[in-house]
Amino acid sequence: MASGFSRVSLSLGLGAFLALSGVAAAADEAGSTGKLVRFRFTEPAQLDALNTSGLYEVVEVKGDTAIAIKSPAASRAVSAKRVALAEANLLGLETVLEDVDDQLAPFRAAGNVGAYHTYAKALAELAELTAKYPNLLKGESIGKSHGGRDLMAVRLTGSAGLEAEKPKVLIFGLMHAREWISAELPFYLLRHLLANYGKDPEVTKVVDNLVIYILPVSNPDGLEYSQTNYKMWRKNRSPQQGGIGVDVNRNFPIGFGLGSSDNVGSDIYRGPSPKSELETRAFCSLFEREKFIASLSFHSYSELILYPWGYDRALPPDSAELTKRGQAMAKLNGYTPGQVSRILYTAGGATDDTFYKTYGAWSYTFELGQQFVPPDSQIEPICKQNLPAVMLFLKTAIDTSRPSTGISLADRPKISNFFSLYDIYPLK
Ligand code: 0X9
Ligand code: ZN
């Protein structure tokens, strides 16, 4: 029995499923349904075996129980030898529940998107805001998806100070197609900063002292597919040998291959090689150019604040500082802070590890809310609840030096001394 094994909850997960009835199952693309299985395990290694088997997608972990989907598409795409190997690795896991297919129907349907941003609405709103605030905001496509959609970002900075001297930060959402709420907070933040610049001193300082890139929709092809075809879609939509789609958050170089699948049918398919995906390359090029000092990605769900490492259970070099900042933000939104691999699961190839290790950015991931797609009425409360933590993330970025990882000292931007964050928000 492994000690020290305690996970809060996990958010590959199916909040909506569980909210519905406590059990559900997933459909593969062809429309046949998968099976939802509960496994009881005794050691973290068993969870990793489940995660990487290629046969199951782990969607929720609570205590010693993992809920996973066994997808027919995934099973069909692997060889008999591979199935046998995966099943051997999974021996020792007790299957608690199986065959709950019929409860999936409400989630398979492409529904009304309600108050959520579609990709078209996202582009329109970014265009409208850049037109309205030409002195503060510039639009920039940082690349294109396989489907030819722009990865549309905005660059926000105030008139004060020399731009070349300002630290830059990146905030982005919707890397996973079904996590619709994760595109809403970037918009909420952007509107807050624009509406209060020149009025609220805190907003003015943040906007004047930073260059803030905001990219609400990082996976536009996936979002479109989730909103029109299959709501539970997670990956992008790039054609792959034997199937469609790569989990972009498994396609980054650091820890590539760990806690992901090499089976194209899996929802956590990592892709054939690191940076095989256009979205991944667009992010890496942007980082190489802008040398962000901090990054914040939004996912859903589980009410967590996550920081490196995700790919390794070891502590990262700046663990104490990462923890301090994570805890300070968590005090403001009530979320549970922690190192990904310790409070969630081991998963490499995600943005945060590469942004921290390769590019020297303080990188955080918020798992928002308790569902992938909370009811419309929850959008505003979730955004509101998180705004102070995001403002702290921004303020922290102004006046601090780089982590010990990543790009060379010579590349570091000068640190602004506009005000000392630590005086205002002591981080314990
Ligand atoms: O597994 C993920 O990609 C993220 N969770 S989600 O349920 N939204 O899919 C968490 C990523 C955390 N970071 C790393 N694993 N490095
Ligand atoms: Zn996600």
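Two strands pair if DSSP finds at least two bridges between them. Helices (H or I, at least four residues) and strands (E, at least two) are DSSP runs, numbered from the N terminus. In strand 13, Pro 337 is the bridge partner of Ile 305.

This is a predicted model, in which local features need pLDDT of at least 70, side-chain atom pairs count only at pLDDT 80 or more, and totals for chains, interfaces and linings use all residues. Residues are numbered from 1 along each chain as its sequence is written, chains are lettered from A and ligands numbered from 1 in the order in which they are written, and side-chain values use heavy atoms, with hydrogens and water left out.

## Overall build

The protein chain has 15 helices and 14 strands. Buried residues account for 59% of its 428 residues. Buried means under 20% relative accessible area, exposed over 50%, and partly exposed in between (1.4 Å probe, protein chains only). Contact means heavy atoms within 4.5 Å. Of the contacts between residues at least 6 apart in sequence, 77% join residues at least 24 apart.

Eight strands form an open sheet with mixed pairing, in the order 5-6-8-7-11-14-12-13. Strand 5 (137-144) and strand 13 (336-339) are the edges; each has a single partner strand, so one side of each lacks a neighbour in the sheet. From one strand to the next, the twist averages 20°.

Strand 11 (residues 294-300) and strand 14 (residues 362-368) run parallel, joined by seven bridges. Within this pair, His 299 stands opposite Glu 367 in strand 14. Strand 12 and strand 13 also run parallel, with four bridges between them.

In a regular strand the side chains alternate between the two faces of the sheet. Strand 12 (residues 304-307) is covered on both faces. Leu 304 and Leu 306 are buried on one side, Ile 305 and Tyr 307 on the other.

## Helix 7

Helix 7 packs on the sheet. It touches strand 5, strand 6 (150-156), strand 7 (168-172), strand 8 (211-215), strand 11 and strand 14. Its direction makes about 135° with that of strand 11. Axes are lines fitted to C-alpha atoms, for helices over the stretch in contact, and angles run from 0 to 180 degrees between N-to-C directions.

Helix 7 (residues 181-196) also meets helix 14 (residues 376-398); their axes come within 9 Å and cross at roughly 65°. The crossing is right-handed, meaning that the near helix is turned clockwise from the far one by less than a right angle. The contact residues divide into twelve nonpolar, two polar and three charged. Ala, Val, Leu, Ile, Met, Phe, Trp, Tyr, Cys and Pro count as nonpolar, Asp, Glu, Lys and Arg as charged, and the others, Gly among them, as polar.

Glu 179, in the loop between strand 7 and helix 7, and His 299, in strand 11, are 120 residues apart and link distant parts of the chain. Both Glu 179 and His 299 are buried.

## Backbone details

| Site | Feature | Value |
|---|---|---|
| Ser 300 to Tyr 301 | cis peptide bond | omega near 10° |
| Pro 308 to Trp 309 | cis peptide bond | omega near -10° |
| Lys 275 | positive phi, not a glycine | about 60° |
| Ser 302 | positive phi, not a glycine | near 140° |

Tyr 301 lies in the loop between strand 11 and strand 12. Ser 302 lies in the loop between strand 11 and strand 12. Ser 302 is buried, at a relative accessible area of 10%. Trp 309 is in the loop between strand 12 and helix 11 (319-333). Lys 275 sits in the loop between strand 10 (243-244) and helix 10 (278-290). Its relative accessibility is 29%, so Lys 275 counts as partly exposed.

Ser 401 is placed in the loop between helix 14 and helix 15 (421-424). At 46% relative accessibility, Ser 401 is partly exposed. From Ser 401 to Ala 361 the C-alpha to C-alpha distance is 9.8 Å, across 40 residues of sequence.
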